[in-house]
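Trainee: I would like a close look at one part of this protein. Please take me through it step by step.

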Amino acid sequence: MEEKKKENDRKVITAFWPDKGQTTLAEYLDGGGFSVFKKALAGGIKPADAIEELEKSGLAGRGGGGFKTGTKWRLAREEIKKASPPKNSSVAHAYFICNADESEPGTYKDRLIIEKCPYLALEGMLLGAWATGTEKGFVYVNGSYRDTAHILRQSIANLIQAGWLGKSIQKSDFSFEIQVFEGAGSYVCGEETALLNSIEGKRGEPRLRPPFPVQKGLFGRPTLINNAETLACVPYILKKGAGSFKMLGRSETSFGTKLFVLNGALNSPGVYEAPLGVTLRELIEDYGRGIPAGKELKCVQVGGDSGVLYSLEEIDKPLGYDKKSEIPVGSGAVLVIDSQTDLKKLLLAWARFFRRESCGKCVPCREGTYQLFLLAERIAQNKTLAGDRERLEDIILTMGKASFCAFGSYAVNPWESALKLFSKEMFGQADS
Ligand SMILES: Cc1cc2nc3c(=O)[nH]c(=O)nc-3n(C[C@H](O)[C@H](O)[C@H](O)COP(=O)(O)O)c2cc1C
Ligand code: SF4
C-alpha cells in the first residue's frame, strides 16, 4: 500500500487511473481533484501567476510538437485581451480546444486519458480557460471512438450538475461551456488548423500559418489548442508547483513525466507513465518487460507511424524534447521491431496509411505519398527498378522540404531512417 502511494507520488496522470473502469467524479474530488481550480476561482491564484508557474515548469506540448505550454497560454491571454468583441453573437469571444483526436496508428494514450479519468484533462482545460479568459471549449475526438465521446459527454453532464461547468461556476464570475466534437477519423484533422476547419464544417485541410490559432482560430476568434495529455499535466503543476513537476523528469532539458505507448515485440505492451529522459532500453526492459524469448531486437520506431527508426546502438539515448541531445519523443508511441519482422511489409503499411490520409491540398504530399506507396509495393515484392533508390531520396527531400504542413515530413520520417539503417535489405546488395 505504502509502496503504491510512493509510486503514485511520482505520477502525474496514471495515479488517477483505476485498474478497471473510470474514476468517478466523487473519487476524483476525494483524491484532491478540482482543489486547485476551486482555489483559482476563489482568487487564491491569479491568472498571470498560474501562467508564470506553467512557464517555469517547462511543460512542453504532448501532442507531438513540444511547444511550451506556458508560452502558448501567455500569448493566448494577450491575444484574447486585445481582441475586439465578435460581430456575430453566436460566435464566442475566444475558444479553448482539447485535442484528443489521436488518429495515428499505434497511439492510444489520449484515448485512455479520457476513458480512465476524463476529469483530469477537463480540469486542465477549465484552468486554461480561466487563466486565459476563454468562454467556450471543444473536446475534439476521433469519431470512431464512440465510447470516448460517450464517456466525455457523461462526464461533462456530471460536471454541470455538480456546478463545476456552465454559468457562474461554483458561484464565481467565471462561466465556461464544453462541447464534444466527433471528427471523421482523419489523421490530418489532428493538425490544429485542419481541426479548426473540421469543426467549422469545412474540408479537413490545414490552413496557412500565420495567422496562428491564438491570433485567428475557430470562426476567426483567438483559439487555444492543447493536447489532452498536456492538459492532464496542468492540475499537478498548479497544485504542487513547477519545481515538483520538474523534479519528476530525469533530463536537464525536458521536464515531468510522459505517457509512452509501448507496442510490438514486448512481453508487456501497454501505456506507461515514465520520467522524461528515460531511455529506450529502460522502456523496453523495465516497463515492457523485455522482448519475448526467441526474438531479437532489430530497431525501434519512436512517434507512431510517422516516427524515426532507431538502431540498437541508439537505445541508450534519453527521450525528450531537446532535438540536439535527446531522441524526439513525439506523441510517445514506441514500436519495438524484432528481427523476424519483415521491415518491407511495415514500410508498405506505413506508405499505404499516409497515401490514404494525405488531404491532397499540396502537390508534394499528394503526389509524393502516391509515389512512395508505388515504391513501397516494389520494395515489398523485391521488384525494385534501376534508380528507385535515387527516386526515394528525391521523394524524401521534396516531401520533407516542400509540403504545406508537417504531415509531409512525418510521412517520410520512417523512410529516411530506414534508408540509413537498412538500405541493403530494401534494395539488395547491388543498389545500396
Ligand atoms: C498530421 C498531424 C497530425 C496531428 N495529430 C495530432 C493529434 O492527434 N493530437 C494532438 O494533440 N496533436 C496533433 N498534432 C499536433 C497539433 O497540430 C498541435 O500541435 C497540438 O494539438 C498542440 O497541442 P500541444 O501544444 O498541447 O501539444 C498533429 C500535427 C500534425 C501535423
Ligand atoms: S502536406 Fe499537403 S497534402 Fe499533405 S496533409 Fe499537409 S496540406 Fe495536405
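What distance separates the centres of domain 1 and domain 2, taken over C-alpha atoms?

Mentor: Keep in mind that this is a predicted model. The centres of domain 1 and domain 2 are 26 Å apart, taken over C-alpha atoms. The domain assignment puts domain 1 at 2-246, domain 2 at 250-338 and domain 3 at 343-427.

Now the contact itself. Domain 1 brings 23 residues, and they are in contact with 19 residues of domain 2. On the side of domain 1 that touches domain 2, the elements giving two or more residues are helix H6 (109-116), helix H10 (228-240) and helix H11 (242-248).

Next, look at a helix pair. Two packed helices are described by the angle between their axes and the distance between the axes. Take helix H7 (residues 118-132) and helix H8 (residues 146-161). Their axes come within 10 Å and cross at roughly 60 degrees. H7 is therefore oblique to H8. The crossing of H7 past H8 is right-handed.

Which residues meet there? H7 supplies Pro118, Tyr119 and Leu122. From H8 come Ile151, Leu152, Ser155 and Leu159. In this contact of H7 with H8, six residues are nonpolar, one is polar and none is charged.

Methods. Residues numbered from 1 in each chain as written. Chains lettered and ligands numbered in written order. Predicted model: local features only at pLDDT ≥ 70, side-chain atom pairs only at ≥ 80, totals over all residues. Axes fitted to C-alpha atoms, helices over the stretch in contact; angles between N-to-C directions. Helix = DSSP H or I, 4+ residues; strand = E, 2+ residues; numbered from the N terminus. Parallel < 35°, antiparallel > 145°, perpendicular 65-115°, else oblique. Left-handed = near helix turned anticlockwise from the far one by under 90°. Contact = placed C-beta atoms within 7 Å. Nonpolar A, V, L, I, M, F, W, Y, C, P; charged D, E, K, R; others polar. Domains from an automatic or database assignment.
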